[in-house]
Amino acid sequence: MEIKPPFWHPSVASGVLLDWDGVIADTKLNFSGIRERYYGGRPAMLIEDAETLSEEDKTSLMKDLCDLEIECAKNAVPVPGALELLDRLDSKNIPYCIVSRNCADSISLAAEAIGVKLPAQTWNRDNSRWLKPDPRALVSAAAFMGVEIHGCIFIGDFLYDLQAARRAGIRAVLVQRTEPEWEEWADASYPALSDLLSALDDPQPLVPWEYREIFAKRGEKWLNGAHNLVLAMPDSTSPTLDCWLARAAAFGIQAIAIPSDAVFTPADWKNNPSFDPSSMGRRLADVARDFLAPRFPMVRITTEEEGLKAPKNSLDLMRFIERKIF
């Protein structure tokens, strides 16, 4: 089935970022002993919270982490479906890379154990400046592949994976885990990687993460109808520009039309200080596009279409759109 906006599916991804341990290689890693030794058993972020330790303990922690990862990597087995997924990506010429928090040696050892040739783009804590859940880990990986970040998906099996994807503004796919409390982070969840493979073979439309609320309230007719609309952004917006843009986008509209000569002025910034100060002096269309892209990637900013004259008050947008749909 062909998947068209306003719906979505992992099969439409133009690039794939992959976690390593638990998604490609199963090494049975268990950090509970290290967490108990260095953090008293509390749910600390092992690497980031090392800054709270003494230099001696920090050095010891990093050595213990690497030793544990390498020992577990010796007995690695492929996650069921992992080899098939990599073959699929290769056969369809879909760019992909590995983004892991593990040490480089453990990844290489596990790859050898499961018979996988690592892609040239394999990021780990030894060669990456940023680690998940820092979104820059994914943004830099996508840039290295030469793929537009918002066209990528990230496939992971842990909360840090989902958080990194959400923060980077890309689609998050959870596999191999069924954690109800993680559902709010994921665009799609599959109990097993093999379930994702089955879904890729028979794609069915999914409601995008950012439209779940409006879809739950108003249904498919609303989402399809709203996606046919292009709204002209009014000269003034209430209560603020960011609020107007986000509310219009959250209703599922297709595009927002903004004059090509409109500029985001210092006065605009003073009324909308949530925008980065570097926005001042730039084309308003570009500022709006940068603002919406990580939040509502399906919404276009256009300078070439006229669009419907929309109300300036964001609170009036739902009723306005409703009249156009029904």
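Student: What is the strand order in the open sheet of 4 strands?

Tutor: The order is β11-β10-β9-β12, with parallel pairing. This is a predicted model: local features need pLDDT of at least 70, side-chain atom pairs need 80 or more, and totals for chains, interfaces and linings use all residues. Residues are numbered from 1 along each chain as its sequence is written, and side-chain values use heavy atoms, without hydrogens and water. Strands here are DSSP runs of E, at least two residues, and helices are runs of H or I, at least four, numbered from the N terminus.

Student: Why do β11 and β12 stand at the edges?

Tutor: β11 (300-302) and β12 (308-309) each have a single partner strand, so one side of each lacks a neighbour in the sheet.

Student: What makes β9 and β10 a pair?

Tutor: Pairing takes at least two DSSP bridges between two strands. β9 (residues 230-232) and β10 (residues 255-257) have 3 bridges, in the parallel sense. They therefore count as paired.

Student: Why is the aromatic pair of phenylalanine 275 and phenylalanine 291 called tilted?

Tutor: Ring centres of Phe, Tyr and Trp (its six-membered ring) must lie within 6.5 Å; planes under 30 degrees apart are stacked, over 60 edge-to-face, the rest tilted. Here the centres are 5.1 Å apart and the planes make 50°, so the pair is tilted. Phenylalanine 275 lies in the loop between α10 (266-271) and α11 (284-292), and phenylalanine 291 in helix α11, so the pair ties together parts 16 residues apart in sequence.
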